[in-house]
Amino acid sequence: RLVNPERTNNNDRRRREIWWQFTRPTLDLYDAIAVLDRVLAITRHSKAGLPQFVTGAQVMIDATVVFASDRSADLSLLSSAIHFVWWTTKGESTLENRLRYTPSDGFETFPQPRLTERMDEAGEELHTFRRGVMERRRVGLTALYNFVHEESVSDEEIIRLREIHAEIDEAVREAYAQDEEREPAIRESEAKVASAPLPSWREIELGHGFHETRQGVRFTISAQARADVLDKLLALNHYR
């Protein structure tokens, strides 16, 4: 009733002739998430630039990027300032005032640490607490993070959400530090590609607060921490 009339006038022959099927069904995606009750998804164009868990039992629109994982540690990693620094530098474009997530540059090139139990705990707390706040306030992700990044907003729920994000960043930084300590060749490789000695992951002071960024003032890690993190990730990418 609704699809056939629109497809009949479509310029794409395949869409006209096989009007009842999706044009790009992405079967590999659904095979990958078939056994998962929840998956991580991030909107390609958004102001917040953050993933969240959604049910895997639905059709995923092409305006989202879907990660075939139900693990809370992956939510931590992809929600961290460390990942944000990488993809907004290496794999980001913009549409109006919104960020555009490009997985080929922002994710596939992102050198990831081994996931840890601390990351699992922080990610699950983010998911549970944030979902409750959104339901109570009846707001979406973008509206909620407008509050998080507004320094004048200081109610208990928003403060707690900032604290959870700070814990996520610390947990992710610790995961990189553990990899670095476990594999000395990482530091040896840094010395060959970095123009100056880089701090260890444990030496980086994240300095959470309200800082000016390319996306405006945000609650995030300091400018120096962002520079150090990007240098470390670039070196780790080269090593990998």
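**Figure 1. The whole protein.** A residue is called buried when its relative accessible area is under 20%, exposed when it is over 50%, and partly exposed in between (1.4 Å probe, protein chains only). By that rule, 43% of the 240 residues in the protein are buried. What you see is a predicted model, in which local features need pLDDT of at least 70 and side-chain atom pairs count only at pLDDT 80 or more, while totals for chains, interfaces and linings use all residues. Residues are numbered from 1 along each chain as its sequence is written, and side-chain values use heavy atoms, with hydrogens and water left out. The protein has 11 helices and eight strands; these are DSSP runs numbered from the N terminus, with helices (H or I) of at least four residues and strands (E) of at least two. Its C-alpha trace spans about 65 × 45 × 35 Å along the principal axes. A contact means heavy atoms within 4.5 Å. Of the contacts between residues at least 6 apart in sequence, 60% join residues at least 24 apart.

**Figure 2. Helix α4 meets helix α7.** Two packed helices are described by the angle between their axes and the distance between the axes. Here, axes are lines fitted to C-alpha atoms, for helices over the stretch in contact, and angles run from 0 to 180 degrees between N-to-C directions. The axes of α4 (residues 72–79) and α7 (residues 117–137) cross at roughly 80° and come within 7 Å. The two helices are therefore roughly perpendicular, a label for angles of 65 to 115 degrees (under 35 is roughly parallel, over 145 roughly antiparallel, and the rest oblique). Look for Leu-75 and Leu-77 among the α4 residues that meet α7, whose own contact residues include Met-119, Leu-126 and Arg-130.

**Figure 3. Helix α4 meets helix α9.** The axes of α4 and α9 (residues 156–182) come within 9 Å, crossing at roughly 100°. That makes α4 roughly perpendicular to α9. On the α4 side, Ser-76, Leu-77 and Ser-79 make the contact, and on the α9 side His-165, Ile-168, Val-172 and Tyr-176 do.

**Figure 4. Tyr-145 and its surroundings.** Find Tyr-145 in helix α8 (residues 141–148). Tyr-145 is buried, with a relative accessible area of 3%. Leaving aside neighbours within four places in sequence, Tyr-145 touches Ala-48, Leu-50, Leu-126, Arg-130, Leu-161 and His-165. The C-alpha atoms of Tyr-145 and Phe-219 are 9.5 Å apart, although 74 residues separate the two along the chain.

**Figure 5. Lys-232 in helix α11.** Lys-232 lies in α11 (residues 223–239) and counts as buried at 1% relative accessibility. Beyond its neighbours within four places in sequence, its contacts include Glu-180, Glu-190 and Trp-201.

**Figure 6. Ser-222 in a loop.** Ser-222 sits in the loop between β8 (216–220) and α11. With a relative accessible area of 16%, Ser-222 is buried. Not counting residues up to four places away in sequence, Ser-222 touches Glu-205, Leu-206, Gly-207 and His-211.

**Figure 7. Two residues with positive phi.** Most residues other than glycine have a negative phi. Thr-26, in the loop between α2 (13–17) and α3 (27–33), has a positive phi near 45°. Thr-26 is partly exposed, at 42% relative accessible area. Arg-138 is not a glycine either, and its phi is positive at about 55°. Arg-138 belongs to the loop between α7 and α8 and counts as exposed, with 79% relative accessibility.
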